Amino acid sequence: MEKPGIVITGASGRMGQMLVRTVLGSDQARLVGAIEREGNPWVGRDLGEAMGGAALGITVTDDPVEAIAKAQAVIDFTAPAATVAFAELTAQARAVHVIGTTGFEPAHLDKLKAAARHAPIIRAGNMSLGVNLLVGLTRKVAAALGEDWDIEVVEAHHNRKVDAPSGTALMLGEAAAAGRGHSLDELRTPAREGITGARAPGSIGFSAIRGGDIVGEHDVIFATAGERVVLRHVATDRAIFARGALRAALWGQDKGPGEYDMADVLGL
Ligand SMILES: NC(=O)C1=CN([C@@H]2O[C@H](COP(=O)(O)OP(=O)(O)OC[C@H]3O[C@@H](n4cnc5c(N)ncnc54)[C@H](O)[C@@H]3O)[C@@H](O)[C@H]2O)C=CC1
Ligand SMILES: O=C(O)C1=N[C@H](C(=O)O)C[C@H](O)C1
């Protein structure tokens with residue numbers, strides 16, 4: 001059987017370039033297209049040369065219709081509005097859409113749900129094995145500890161990140177809330193500033209640090225009188241996200257339409 005053809009969106013981005021290298025280094029998939037937004041300096045150039053290496057015979061395009069028509073899977077780490085547009089085209093091509101993009105609003109998520117009626121969408125705010133294990137641990141610890149244990153999620157990222165809290169922080173917050181039998185919407189504390197009043201019992205708070213080239217660090221802090229439990233994940237290499245995304249694209253090849261996440265892919 002032919003190896004699945006992968007198209008990468010946002011190919012010149014931090015994750016885009018990492019994904020290109022990961023797919024090129026795989027013996028289980030073929031890179032068949034690279035998309036960038038109109039006006040990006042890579043558009044019209046050979047992808048390999050744009051990355052500073054040998055020509056690959058793949059021209060970076062700003063025409064997603066043509067590129068996605070050739071794909072068995074689209075791996076997409078871009079921005080919410082772009083991802084929603086790609087989801088419609090990927091669904092039309094009946095290809096797998098692996099979404100790493102974060103920062104979605106509810107209206108975007110409704111559109112992704114509609115696209116998933118026609119083809120598989122695998123979406124996760126973090127594609128690494130370690131974070132997806134941490135999600136399960138967070139749910140268990142939150143369920144085991146009573147409401148006298150306050151829950152705070154602290155995340156740190158590089159100074160180019162545009163959304164906060166991070167997608168990973170929200171996954172961890174959702175897991176903690178689920179462990180306590182609630183949705184995150186019910187327990188989430190708005191960002192703190194000024195005279196906030198005392199902490200609401202049972203609430204879940206978020207803090208975001210932005211600086212330098214931090215790849216991604218997440219702490220889930222459970223704090224009570226006299227002691228604390230801290231669950232931590234530290235990413236030091238974006239390759240962990242790219243490997244997870246490629247694994248998801250391959251896993252999705254025999255799946256029917258629907259919404260999936262990395263817990264499905266990893267069998268967690
Ligand atoms: N789920 C996960 O494991 C991870 C998720 N991310 C998320 O991935 C996203 C991208 O992150 P980075 O690569 O650091 O950002 P980046 O800014 O380096 O790259 C984004 C790329 O998308 C391109 N883009 C934006 N709109 C486009 C459009 N309409 N058509 C084509 N290309 C378009 C940009 O030109 C840029 O090259 C963010 O939402 C980030 O939070 C990042 C790392 C891991
Ligand atoms: O923007 C990033 O860089 C990252 N984004 C994801 C998130 O929002 O959690 C995953 C990872 O932490 C890196």
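Let's start at the ligand: 25 residues surround ligand 1, and the closest are G10, G13, M15, A82 and G100 (a residue is near a molecule or strand if its C-beta atom, placed from the backbone, lies within 6 Å of it). This is a predicted model, where local features need pLDDT of at least 70, side-chain atom pairs count only at pLDDT 80 or more, and totals for chains, interfaces and linings use all residues. Residues are numbered from 1 along each chain as its sequence is written, while chains are lettered from A and ligands numbered from 1 in the order in which they are written.

**Around ligand 1**
- The shell around ligand 1 holds 8 nonpolar, 14 polar and 3 charged residues (Ala, Val, Leu, Ile, Met, Phe, Trp, Tyr, Cys and Pro count as nonpolar, Asp, Glu, Lys and Arg as charged, and the others, Gly among them, as polar).
- Helix α1 (residues 14-24) gives the most to this shell, with 3 residues; helices (H or I, at least four residues) and strands (E, at least two) are DSSP runs, numbered from the N terminus.

**The sheet**
- In the order β7-β6-β8-β9, 4 strands form an open sheet with mixed pairing (two strands pair if DSSP finds at least two bridges between them).
- At the edges lie β7 (204-210) and β9 (227-235), each pairing on one side only.
- Strand β8 (residues 216-224) pairs with β9 in the antiparallel sense over 9 bridges, and I221 stands opposite V230 in β9.
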